[in-house]
Amino acid sequence: MTTPAGQPFDVVDLHSHLVPDVDDGTRTIAESIEALASLFAEGVRTAVTTPHLLVPHLPTEASIQRELDRQRRKFEELCHAVEGRDDLPVVHLGQEIWAPDAATARRVVRRTDVGLPGRCLLIEFGFELQGNHNDVVRETLDAGRQIVIAHVERYYYLPSHDPIEVMQTWQELGALLQVNVGSLTGHYRSSSPESERLAWQMVARGLVDILATDHHGPRRRGVSPNEALNALIARGELALAERAMGEIPGRVVRDDDLRHVSRGSEVVPIA
Ligand SMILES: [Fe+2]
């Protein structure tokens, strides 16, 4: 399998909403295939698609189970439709779990049918942060899982908090930080005005572990791994791009040892 001209490595995308008709992502199989084809054309060879699991809106264990079953059924329909296609990324199913507090996280973190492939969970805290959410990081790690915090640059941090300090604490506790590729190119300027500045500040401070698309299909066009890659190369950050778009998400999907990751020029122990 070849990568497009100029694409120096295979991209592994850990965050997208391409299971049809389960959340605010794609609505049809055709839309999902169109989005997957566009990702493939930009070098994505593995895509974990991660429907929202809105745990606070699922009051019982039975309702969580029903939602997971619904997502699994729709994912299997998609798999059936793309079977044998070698012009699309390999797809896996995960979830983007909304868990604003430890009690909410506790309801899902020990379920073996929840998470990205392997031991990692992709967790978002909700856009308006209510505190530092360190309790969710601890709860996830205490369950023997690894936490990938979704699009950290897009949150609205409390006015009394320095976002970079909050992010550093999450990493020190053992979390991996995920940034959306679109933030590096100003894609969320209207919805998250600080996202572009924060994303580049994170690049400069060595805080970006994983870059992912958070692709939602045709209703949110313009998300491009290639544009982010080119923006990083223009600033001399090809090594970071390779690590955050290829190496570390690849290790997550393979469930490789994640006890040490490269950050900036250092290899550091995590959780
Ligand atoms: Fe998402």
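Analyst: Ala150 has a relative accessible area of 0%, under the 20% limit, and therefore counts as buried. The model is a predicted one. Ala150 sits in the loop between E7 and H5. Setting aside residues up to four places away in sequence, Ala150 touches His15, Glu96, Leu122, Ile123, Glu124, Tyr155 and Gln178. Ile233 is 83 residues from Ala150 in sequence, and the two are 23 Å apart in space, C-alpha to C-alpha.

His151 is also placed in the loop between strand E7 (146-149) and H5. With a relative accessible area of 2%, against a limit of 20%, His151 is therefore buried. Apart from neighbours within four places in sequence, His151 is in contact with His15, Glu96, Glu124, Phe127, Gln178, Asn180 and Asp214. The C-alpha atoms of His151 and Leu54 are separated by 16 Å, and these residues are 97 residues apart along the chain.

Which residues coordinate the iron ion? The iron ion is held by His15 (NE2), His17 (NE2), Glu96 (OE) and Asp214 (OD), at 2.0 to 2.3 Å. Among these, His15 and Glu96 are touched by Ala150, while the contacts of His151 include His15, Glu96 and Asp214. The angles among the four donor atoms run from 81 to 170°. Four donors count as tetrahedral if all angles lie between 85 and 135 degrees. The site of the iron ion is irregular. Along the chain, its donors follow the spacing H-x1-H-x78-E-x117-D. The pair His15 and Asp214 links distant parts of the chain, 199 residues apart. His15 is in the loop between strand E1 (11-13) and H1, and Asp214 is in the loop between strand E9 (210-212) and H7. Both His15 and Asp214 are buried.

Gln171 is found in helix H5. Gln171 counts as buried because its relative accessibility is 8%. Not counting residues up to four places away in sequence, Gln171 touches Leu177, Gly206, Leu207, Asp209 and Arg263.

Gly206, one of those contacts, comes just after H6 and takes a positive phi of about 70°. In helix H6 (residues 195-205), the residues Ser195, Leu198, Ala199, Trp200, Met202 and Val203 are buried. An α-helix has 3.6 residues a turn, so residues three or four places apart point the same way. The cover over the buried residues of H6 includes helix H5 (163-173), strand E8 (176-180), helix H7 (225-234) and helix H8 (238-254).

Is Arg259 buried or exposed? Arg259 is exposed, with a relative accessible area of 53%. Leaving aside neighbours within four places in sequence, Arg259 is in contact with Val268, Pro269 and Ile270. Arg259 and Ile270 are 11 residues apart in sequence and 5.2 Å apart in space, C-alpha to C-alpha.

Definitions and conventions: Residues are numbered from 1 along each chain as its sequence is written. This is a predicted model: local features need pLDDT of at least 70, side-chain atom pairs count only at pLDDT 80 or more; totals for chains, interfaces and linings use all residues. Side-chain values use heavy atoms; hydrogens and water are left out. Buried means under 20% relative accessible area, exposed over 50%, partly exposed in between (1.4 Å probe, protein chains only). Helices (H or I, at least four residues) and strands (E, at least two) are DSSP runs, numbered from the N terminus. Contact means heavy atoms within 4.5 Å. Donors are N, O and S atoms within 2.8 Å of the metal (3.2 Å for Na, K and Ca); water is not among the atoms, so sites may look incomplete. Four donors count as tetrahedral if all angles lie between 85 and 135 degrees; four count as square planar and six as octahedral if opposite donors are over 155 degrees apart and all others between 65 and 115; anything else is irregular.
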